[in-house]
Amino acid sequence: MASVEKMQLGNYNIQPIALWLPDTQEWLQKRMKSEMYFNSEGIEPYWIAGIHAEKWGVTGTHIYLLDGRPEEQFKIGDKKVGGFLSQYVVYNVMKALPDSHFMFLEGDCNFETGWKANLEQ
(Lines give C-alpha, C1' and ligand atoms only; values in the text may rest on other atoms or scores of the structure.)
Protein backbone atom coordinates (compact mmCIF):
# COMPACT_ATOMS: atom_id res chain seq x y z
CA MET A 1 0.00 0.00 0.00
CA ALA A 2 1.19 3.47 -0.85
CA SER A 3 2.37 5.68 1.96
CA VAL A 4 0.34 8.85 2.40
CA GLU A 5 0.98 11.88 4.57
CA LYS A 6 -0.87 11.79 7.89
CA MET A 7 -2.60 14.76 9.49
CA GLN A 8 -1.69 15.92 12.96
CA LEU A 9 -4.79 17.10 14.84
CA GLY A 10 -4.10 17.91 18.47
CA ASN A 11 -2.41 14.85 19.93
CA TYR A 12 -3.74 12.57 17.21
CA ASN A 13 -2.08 11.29 14.07
CA ILE A 14 -5.00 10.98 11.66
CA GLN A 15 -5.06 9.04 8.40
CA PRO A 16 -7.53 10.67 5.97
CA ILE A 17 -9.46 8.14 3.88
CA ALA A 18 -11.50 8.84 0.74
CA LEU A 19 -13.64 6.52 -1.36
CA TRP A 20 -14.05 6.67 -5.11
CA LEU A 21 -15.49 4.47 -7.84
CA PRO A 22 -12.90 3.66 -10.52
CA ASP A 23 -15.36 2.34 -13.10
CA THR A 24 -16.48 5.53 -14.86
CA GLN A 25 -14.99 8.67 -16.35
CA GLU A 26 -17.44 10.70 -14.23
CA TRP A 27 -16.02 9.24 -11.01
CA LEU A 28 -12.45 9.76 -12.20
CA GLN A 29 -13.23 13.45 -12.77
CA LYS A 30 -14.92 13.68 -9.34
CA ARG A 31 -11.86 12.14 -7.73
CA MET A 32 -9.47 14.52 -9.47
CA LYS A 33 -11.58 17.53 -8.43
CA SER A 34 -11.84 16.27 -4.85
CA GLU A 35 -8.13 15.50 -4.69
CA MET A 36 -7.24 19.03 -5.78
CA TYR A 37 -9.61 20.49 -3.20
CA PHE A 38 -8.37 18.26 -0.36
CA ASN A 39 -4.74 19.06 -1.24
CA SER A 40 -5.56 22.79 -1.15
CA GLU A 41 -6.82 22.21 2.41
CA GLY A 42 -3.61 20.36 3.36
CA ILE A 43 -5.21 16.92 3.21
CA GLU A 44 -3.77 13.99 1.28
CA PRO A 45 -6.22 11.13 1.68
CA TYR A 46 -5.55 7.46 1.17
CA TRP A 47 -7.86 6.74 -1.77
CA ILE A 48 -9.79 3.47 -1.74
CA ALA A 49 -11.52 2.09 -4.83
CA GLY A 50 -15.10 1.17 -4.03
CA ILE A 51 -17.65 -1.05 -5.73
CA HIS A 52 -19.76 0.47 -8.48
CA ALA A 53 -22.65 -1.95 -8.11
CA GLU A 54 -24.51 -0.87 -11.24
CA LYS A 55 -21.44 -1.51 -13.42
CA TRP A 56 -20.67 -4.76 -11.61
CA GLY A 57 -24.27 -5.99 -11.81
CA VAL A 58 -24.62 -6.23 -8.02
CA THR A 59 -28.06 -5.45 -6.62
CA GLY A 60 -30.44 -6.38 -3.85
CA THR A 61 -33.36 -8.46 -5.10
CA HIS A 62 -35.01 -9.39 -1.81
CA ILE A 63 -38.34 -7.60 -1.26
CA TYR A 64 -38.44 -5.67 2.03
CA LEU A 65 -41.35 -4.38 4.04
CA LEU A 66 -41.12 -0.60 3.73
CA ASP A 67 -43.05 1.47 6.27
CA GLY A 68 -45.50 -1.37 6.88
CA ARG A 69 -46.69 -1.37 3.24
CA PRO A 70 -46.00 -4.76 1.62
CA GLU A 71 -47.69 -3.56 -1.59
CA GLU A 72 -44.68 -1.30 -2.25
CA GLN A 73 -42.46 -4.29 -3.14
CA PHE A 74 -39.37 -2.35 -2.02
CA LYS A 75 -35.99 -3.68 -3.14
CA ILE A 76 -32.84 -2.18 -1.70
CA GLY A 77 -31.30 -1.63 -5.15
CA ASP A 78 -27.78 -1.34 -6.51
CA LYS A 79 -26.80 2.05 -5.01
CA LYS A 80 -27.42 0.96 -1.42
CA VAL A 81 -25.77 -2.43 -1.99
CA GLY A 82 -22.76 -0.78 -3.65
CA GLY A 83 -22.56 1.81 -0.85
CA PHE A 84 -22.60 -0.90 1.82
CA LEU A 85 -20.02 -3.06 0.05
CA SER A 86 -17.77 -0.05 -0.59
CA GLN A 87 -17.90 0.97 3.07
CA TYR A 88 -17.12 -2.63 4.02
CA VAL A 89 -14.03 -2.45 1.77
CA VAL A 90 -13.03 0.85 3.44
CA TYR A 91 -13.47 -0.68 6.91
CA ASN A 92 -11.27 -3.66 6.02
CA VAL A 93 -8.58 -1.46 4.49
CA MET A 94 -8.56 0.66 7.68
CA LYS A 95 -8.21 -2.51 9.76
CA ALA A 96 -5.19 -3.51 7.66
CA LEU A 97 -3.48 -0.12 7.98
CA PRO A 98 -1.25 0.49 11.01
CA ASP A 99 -3.17 3.65 12.01
CA SER A 100 -5.60 3.93 14.91
CA HIS A 101 -7.43 7.14 13.90
CA PHE A 102 -9.07 7.92 10.56
CA MET A 103 -11.04 10.73 8.98
CA PHE A 104 -13.38 9.46 6.29
CA LEU A 105 -13.95 12.05 3.56
CA GLU A 106 -16.81 12.21 1.09
CA GLY A 107 -15.66 13.53 -2.27
CA ASP A 108 -18.09 16.44 -2.16
CA CYS A 109 -17.34 17.70 1.36
CA ASN A 110 -16.37 21.31 1.91
CA PHE A 111 -14.41 22.74 4.83
CA GLU A 112 -15.35 25.96 6.58
CA THR A 113 -12.66 28.57 7.22
CA GLY A 114 -10.75 27.55 10.36
CA TRP A 115 -12.03 23.96 10.27
CA LYS A 116 -8.74 22.42 11.35
CA ALA A 117 -8.38 24.63 14.46
CA ASN A 118 -12.03 23.96 15.35
CA LEU A 119 -11.54 20.22 15.00
CA GLU A 120 -8.40 20.30 17.14
CA GLN A 121 -10.40 22.00 19.93
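## Rings, charges and a buried histidine

Guide: Let's start with Lys30, whose charged end sits over the ring of Trp27, 4.4 Å from its centre. This is a predicted model, where local features need pLDDT of at least 70, side-chain atom pairs count only at pLDDT 80 or more, and totals for chains, interfaces and linings use all residues. Residues are numbered from 1 along each chain as its sequence is written, and side-chain values use heavy atoms, leaving out hydrogens and water.

Visitor: What makes Lys30 count as sitting over the ring of Trp27?

Guide: The rule asks for NZ of Lys or CZ of Arg within 6 Å of the ring centre and within 35 degrees of the ring normal. Lys30 is 4.4 Å from the centre and is listed as over the ring. Arg31 likewise lies over the face of Trp20, at 4.8 Å from the ring centre.

Visitor: Why is His52 called buried?

Guide: Buried means under 20% relative accessible area, exposed over 50%, and partly exposed in between (1.4 Å probe, protein chains only). His52 has 12%, so it is buried.

Visitor: And why is Tyr37 called partly exposed?

Guide: Its relative accessible area is 21%, so Tyr37 falls in the partly exposed class. Phe38, at 0%, counts as buried.

Visitor: Why is the pair of Tyr37 and Phe38 called tilted?

Guide: Rings of Phe, Tyr and Trp (its six-membered ring) pair if their centres lie within 6.5 Å; planes under 30 degrees apart are stacked, over 60 edge-to-face, and the rest tilted. Here the centres are 6.2 Å apart and the planes at 50°, so the pair is tilted. Phe111 and Trp115 form a tilted pair too, with 4.4 Å between centres and 35° between planes.
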